[in-house]
Amino acid sequence: MTTPPAAQPPAPKKVPVHRTFHGDTFTDPYEWMRDKEDQEVLDYLHAQNAYTEAILRPTEQLQKDIVSEIKSRTKETDTSVPYAKDGWWYFARTYEGKAYSSYHRVASETRPNPDHVTDGEQLLFDQNELAEGKEFFSAAGYAVSPDGQYVALGIDVSGDERFTLRISNIATGEVVDQSVVGAGYGMEWSKDSTHLFYGRVDEAWRAYQVWSHELGADPATDVLVFEEEDEKYTVYPEISRDGEWLILHSQSRLTSEVRIMKAEAGAEQILVSTRREGLDYSVEPAGDELLIVHNLHRQDFEVATAPIGTSEPESWQPLLVAEPGERVEGVSAFASYAVVSMRSGGQTQLRIIPRNDGAWSGAYVLPGAELSTIELANNAEYEADSFDYSLTSLIQPPSVYSYSVVDGTTTLLKEKEVPNYDRSRYETRREWATAEDGTRIPLTLAYRKGVEPDGTNPGLLYGYGSYEISSDPGFGPSIISLLDRGVVYAIAHIRGGGDMGRAWYDEGKMLNKKNTFTDFIACADFLRDSGWVDKDRLAGEGGSAGGLLVGAVANMGGDRFRAILAVVPFVDALTTILDPSLPLTVGEWEEWGDPYHDAQVYEYMKGYSPYENVEEKEYPAILATTSLNDTRVFYVEPAKWIAKLQETATNGEERPILLKTEMVAGHGGRSGRYNLWEDQALRRAFVLDQLGVRQ
């Protein structure tokens, strides 16, 4: 890339701010950027955007090409697979030229074909109409009242993930209630359709309350259903599949506690089991008993049964126990069976447990596909004798199947149509890297057929590695744009994620966190040493906590990478986790450790937090993207990080260090699929250009 002569990064002022903990003082010259109401901060962000635009101007045609490719692989007018609920079939539509989905339903005894307009079809809501005139729009799911008359929708128009609840009459489209504002995630109807249960967040964006709102009433009369007082815990409401129970989950990173109540305003609450430090459990009502996933006896959990009511975990009766190399992740109850979401050998799996006359039978595995992700799709009918599930991989477009528990047959309902795509042109494979401590780290690779491990290929390595979240493979049109250009795309299933079970997570968190970073470096070394990727043509990508990953790796092993893509990156981790007033901080202490009170944790985090470890050396080219209204990772983290890198790194013009800030957006970036395509294209073009692929 040739840098335009006039393009220079902005030189922000320095205002020393001293942070002292445990006898250590860190001087931060850019902490003043935290005030997003400060015009000087906004001017700085705009200046960085202008610089980034200037540097990336030579890639504009490549960006346009990638957008065109994504568009060509997208059936713009399309529908989702309908799912049944109370005599109605619900589905979403997209339309060519429109950025958002609309949601519909139709009454039918059999599954309709939504590719054609059906007599009697009803519009629930059209996000395109709701988003009209708004720079940002996001909906937090929707909930239809049990009587079928109303639909509730959470609306966010800034990106801060605080929602206005909009309730409308489905038949007339009339908005009947839009009085609840500032709600959090989670909303469920009472069984009689007169009340809406919803969550609220505190000033630190912790989901801490569940309220009951009477349809049409003044929110001042709303009733507090439950408040979680412990700052380490969040709480959210969920309705059981049979519609009988409201489930109140209180959850920290390590411990949980569940209450259930009849889905009625003012109903009595039942505490399933009192919280114990380290006891992690979740509950699914199944008729006259509870299905409970818990870790009392086994690190990788088991499924148990218990009577509805309060009980001690020691009395729970085992139903399905994870074997070595397996991890039970969740259970979904139906009237005559349950579906268990599992991991086995690092890959996703579904198991079915039949139930006849109230007695549970032995579980069996629903066949999936190697190196694919299998998971339940939308299934709202408790009495259904079949269920829908989805299957996808890096090269397999998402497909939805129906499985009959009665006769064991599987029916393909729909494979997502991807125009101008031939799956036979691509391959995917599993490889293994060896970490510093000898642990074998799985990688999932995808590439165009004909690409060989001859040491000449460009490569992109993606990683996350936090919160026990697994990096399961899934299809993306923009990834195909990489593969078509000869890029080897790889996912690093590193420790800190949940890919290989609970121990895999434990070995990459708190005082083991550096394993996450060294695992990623080991994966990079494998790709280079094995010949899958040219030693000088590898890029790394991560977002949010994955941005912390690639930021730390840029300091620890940046010489392995030509470029780093850091999306909404958590790169000033220590500063954030030291401030209990910031969103999520106290609850995060069970993920990262508590540096506020613990000097050992402070020293450990200080040793890897990307912002505090920037050195005077050559770094990979870096593009960090962020959003001004991001509640999860404040824009100030990448803003400070990039300022320090631009000041300190010895990079030449061929390795730019860039920041792009969306001024009206949240953690997920801009809203609307066309904006998303443009953002993906910009990031892909930056990487491709740095890897020497400029067409």
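Me: What makes two strands count as a pair in this predicted model?
Reply: Two strands are said to pair if DSSP finds at least two bridges between them. Strand β35 (residues 459-463) and β36 have 5 bridges in the parallel sense, and Gly459 has Val488 as its bridge partner in β36.

Me: What makes β34 a partner of β36?
Reply: The requirement is at least two bridges, and strand β34 (residues 440-448) is joined to β36 by 4 bridges, the two running antiparallel; within β36, Ala492 is the bridge partner of Leu443.

Me: Why is strand β36 called mostly covered?
Reply: A residue counts as buried under 20% relative accessible area, and 5 of the 5 residues of β36 (residues 488-492) are buried, so the description follows from that cut-off.

Me: How do you know which residues cover each face of β36?
Reply: In a regular strand the side chains alternate between the two faces of the sheet. Val488, Ala490 and Ala492 lie on one side and Tyr489 and Ile491 on the other, and all of these are buried, so that both faces are covered.

Me: Why does the radius of gyration of the protein chain agree with that of a compact globule?
Reply: For 695 residues, the globule rule leads one to expect a value near 26 Å, and the protein chain has 25 Å, which is why the two agree. The C-alpha atoms fill a box of roughly 70 × 60 × 55 Å along the principal axes, and buried residues make up 59% of the 695 residues.

Notes. Residues are numbered from 1 along each chain as its sequence is written. This is a predicted model: local features need pLDDT of at least 70, side-chain atom pairs count only at pLDDT 80 or more; totals for chains, interfaces and linings use all residues. Side-chain values use heavy atoms; hydrogens and water are left out. The radius of gyration is taken over C-alpha atoms; the globule rule is 2.2 Å times the number of residues to the power 0.38. Buried means under 20% relative accessible area, exposed over 50%, partly exposed in between (1.4 Å probe, protein chains only).
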